[in-house]
Amino acid sequence: MTNRTAATRYARALLDVALKEQADLATIESQLAGIAGLFATHEALRKALVNPAVPVPRKRAAMADLVEKAGVLPVVARTFLLLAERDRLALVGDLAEAFSQRLLDLRNVVRA
């Protein structure tokens, strides 16, 4: 399974949970983009969190601190902690893109 395929599945699950919990979808999209931007701009952080030599419990603890300090919604925090537990933090950028696309699909917006 490719990273984009996996990210699309996580994005679909996140959207389903967010709709069920009646969470603010625009805020979720913004927070996902913020964390993805953080990964893109801080190379050392990204390398540490996607490095297979770093134990998963340390990655989870780092993500727990990160989402706590960022003050993200609980559904977003749970998503990032799940990615850390499954050692899938490399999907963060693709997840943010896939979620935005699914949100556009939900709103019946087509890019021209």
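In this predicted model, the axes of α2 and α3 come within 5 Å and cross at roughly 100°. That angle makes α2 roughly perpendicular to α3, given that 65 to 115 degrees counts as roughly perpendicular, under 35 as roughly parallel, over 145 as roughly antiparallel and the rest as oblique. Axes here are lines fitted to C-alpha atoms, for helices over the stretch in contact, with angles running from 0 to 180 degrees between N-to-C directions. The helices themselves are DSSP runs (H or I, at least four residues), numbered from the N terminus. On the α2 side the contact is made by Leu38, Phe39 and Thr41, and on the α3 side by Glu43, Leu45, Arg46 and Leu49; contact means heavy atoms within 4.5 Å. By class, this contact of α2 with α3 has 4 nonpolar, 1 polar and 2 charged residues.

A word on bookkeeping: residues are numbered from 1 along each chain as its sequence is written, and side-chain values use heavy atoms, with hydrogens and water left out. Because this is a predicted model, local features need pLDDT of at least 70 and side-chain atom pairs count only at pLDDT 80 or more, while totals for chains, interfaces and linings use all residues.

Phe39, which sits in helix α2, is worth a look of its own. Phe39 is buried, with a relative accessible area of 4% (buried means under 20%, exposed over 50%, partly exposed in between, with a 1.4 Å probe and protein chains only). Leaving aside residues up to four places away in sequence, Phe39 touches Leu45, Arg46, Leu49, Met63, Leu66, Leu89 and Val92. Pro52 is 13 residues from Phe39 along the chain, and the C-alpha atoms of the two are separated by 16 Å.

Arg46, one of the residues touched by Phe39, also forms a salt bridge with Glu43, the closest N and O atoms being 2.5 Å apart. A salt bridge is taken as a side-chain nitrogen of Lys or Arg within 4 Å of a carboxyl oxygen of Asp or Glu. Arg46 and Glu43 are 3 residues apart in helix α3 (residues 43-50), so about one helical turn separates them. Both ends are partly exposed: Arg46 has a relative accessible area of 30%, and Glu43 comes in at 36%.

Further along α2 (residues 25-41) lies Gln31. Gln31 is buried, at a relative accessible area of 15%, and touches Gly71, Val72, Leu73 and Val76, again not counting residues up to four places away in sequence. Helix α2 also packs against α5, at an angle of about 40° and with the axes 10 Å apart. That makes α2 oblique to α5. The contact is made by Ile28, Gln31, Leu32 and Ile35 of α2 and Val75, Val76 and Phe80 of α5, a set with 6 nonpolar, 1 polar and no charged residues.

Then there is the pairing of helix α1 (residues 3-20) with helix α6 (residues 92-106), whose axes come within 8 Å and cross at roughly 55°. That makes α1 oblique to α6. Residues of α1 including Arg4, Tyr10 and Leu14 meet residues of α6, among them Asp94, Phe99 and Leu103. The residues of this contact of α1 with α6 divide into 11 nonpolar, 2 polar and 5 charged.

Overall, the structure holds 6 salt bridges. One of them joins Arg4 to Asp94, with the closest N and O atoms 3.7 Å apart. This pair links distant parts of the chain, Arg4 in helix α1 and Asp94 in helix α6, 90 residues apart. Asp94 is buried, with a relative accessible area of 19%. Another salt bridge brings together the side chains of Asp87 and Lys59 (2.5 Å, N to O). Asp87 lies in the loop between α5 (74-85) and α6, and Lys59 in helix α4 (residues 56-70), so the pair ties together parts 28 residues apart in sequence. Asp87 counts as partly exposed at 34% relative accessibility, whereas Lys59 is buried, with a relative accessible area of 0%. Finally, salt bridges that share partners join Arg4, Asp94 and Glu97 into one network.

Note on methods: Helix = DSSP H or I, 4+ residues; strand = E, 2+ residues; numbered from the N terminus. Nonpolar A, V, L, I, M, F, W, Y, C, P; charged D, E, K, R; others polar.
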